[in-house]
Amino acid sequence: MKQILYNYDIFPKVFLGNREKTITIQPLGDHASFKACHEYTIKVFKVDQSNPAVYPERSGRTTLTAAPEADGNLRFTAFFEGEGEHFVNVYDEPEGKPRFTLSLYSLNEDMAGRIPYRGDLHMHTCRSDGKEAPSAVCANYRGHGYDFFAITDHRRFYPSLEAIEMYKDITDFNIVPGEEVHLPLNNVHYVNFGSTFSINALVTPNCNQEKAGDDLSFRSTNGNAPDTMTEEEFIAMIEKRSEKVNREHKSERLSYAVLEWTYEQVQKGGGLGIFPHPYWLCQMMQLPEDYTEFIYKNAPFDAFEVLGGENYYPHNGFQTGLYYEMKARGIDHPVVGSTDSHGSTEHNRNALICSTIVFAHTNKTEELISAIKSKYSIAVDTISTEYRLVGDFRLMKYASFLLENYFPLHDMACKAEGYYMNRFVAGDKRAEAVLKEMKGQIPEMQKKYFEV
């Protein structure tokens, strides 16, 4: 976290542009306090208007003065032009170097009501090939600063339901139902995020049955799901559907027919269909490259997992290249970033390599899905400490501001909650009371920092 954020708080940090806004600067300790009755000079610069000494004709600049109020805080009112980042320089004297610089961000009207939520849409637990139990994975990722995430175990929906039930009513962390879908005749991986029922469990036999057979409470969030079919019935249906697929090779016709059917089921369940990691290397690419392009163009999915899974360049680098090349051709899919994690602690080097920031009206599953479908999401690459972003340019700039000026504070608040979630599962009798007391801290922080 930037040193300045340990010394001063500024709020709101984000608001709609082209209007006046009153801003509060709060010192965090005696070492940072303002002198009573002293007039401080405050200069506000819109970052994209560049250096006023070089481009003096540019707008987006304000100079004013303010003295600390009775509570020790500085307050000032200024007009904030358009969308973008603004530097706030505070000077002890009218001239000379600033005492410190803080940042604010103004947004266009289409961002009204949209709050940034960070999360992961694809990860695994020990119920498939991951290392930790669903409850531990939830606690650890809340501790890492996530607002939402989905457990998407291979071939299994019930682990996500297990996690949801474990933390019901004691946290604001949104644990979303999900699964990674693997069906006969298809080697293309597929992520079902947020559907009300399991896709894997529609074909029997299946791994989801290991929990409780075909009990709807373990393959549905609401007791409703389509009827199941046998593997033989499924194969016959797919073979018939594949006759309409325009691919030379039978294996690809069958595979694509499965993808189309899977997407139809995800849509029925109100979920988000995600096309993950086509450039995953298992000695060779997981998919033939021209088949990847065929899938991408025809889109039996809602969002492209442009980042995630591995830390070698061809994986995320080639997927990013595909995204921007297709975007240049007019094919513009929503993007997400996910870890595809199989271990949720720092001992897994890939535990935090990627994530998604979604700009949604609430941290509810249906709102997150709607925002992603409407392209209000950005994929975050944190393979190294120098993060990178993939998505629309304007959202990249905003997300960069948030990663520097908001999420470090947000993540500090989440860390303690993650610790007590783990203690709750371990049977610590104090943990439940602590968690219930903590519940609401992140929404309160969002209310303080975002006036949108």
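Over the ring of which residue does the charged end of K448 sit? The views below are taken from a predicted model.

**View 1. The charged end of K448 lies over the ring of F11.** The distance from this charged end to the centre of the F11 ring is 4.7 Å.

**View 2. R247 places its charged end over the ring of F294.** Here the charged end is 4.7 Å from the centre of the F294 ring.

**View 3. Y323 and Y324 form an edge-to-face aromatic pair.** The structure holds 26 aromatic pairs. In the pair of Y323 and Y324, the rings are 4.8 Å apart centre to centre, with 65° between the planes. The pair counts as edge-to-face because its angle of 65° is over the cut-off of 60 degrees. Y323 has a relative accessible area of 1% and is buried, whereas Y324 is partly exposed, at 31% relative accessibility.

**View 4. Y8, F34, Y40 and F100 form an aromatic cluster.** These residues are linked to one another through ring pairs.

**View 5. The largest pocket holds about 640 Å³ of space.** Its lining consists of 17 residues, and those nearest the pocket centre are R118, H144, T382, L403 and D411. Sorted by class, the lining comprises 8 nonpolar, 5 polar and 4 charged residues.

**View 6. Helices α10 and α11 contribute to the lining of the largest pocket.** At least two lining residues come from each of α10 (393–405) and α11 (407–425). With 4 residues, α11 supplies the largest share of this lining.

Notes: Residues numbered from 1 in each chain as written. Predicted model: local features only at pLDDT ≥ 70, side-chain atom pairs only at ≥ 80, totals over all residues. Heavy atoms only, no water. 1 Å grid on protein atoms, 1.4 Å probe; cavity = no way out; pocket = protein on both sides within 12 Å on 5 of 7 lines; lining within 4 Å. Points joined across faces, edges and corners; volume = space filled by probe spheres on them. Nonpolar A, V, L, I, M, F, W, Y, C, P; charged D, E, K, R; others polar. Phe/Tyr/Trp six-rings, centres within 6.5 Å; stacked < 30°, edge-to-face > 60°. Buried < 20%, exposed > 50% of the residue type's maximum accessible area, 1.4 Å probe, protein only. Lys NZ or Arg CZ within 6 Å of the ring centre and 35° of its normal.
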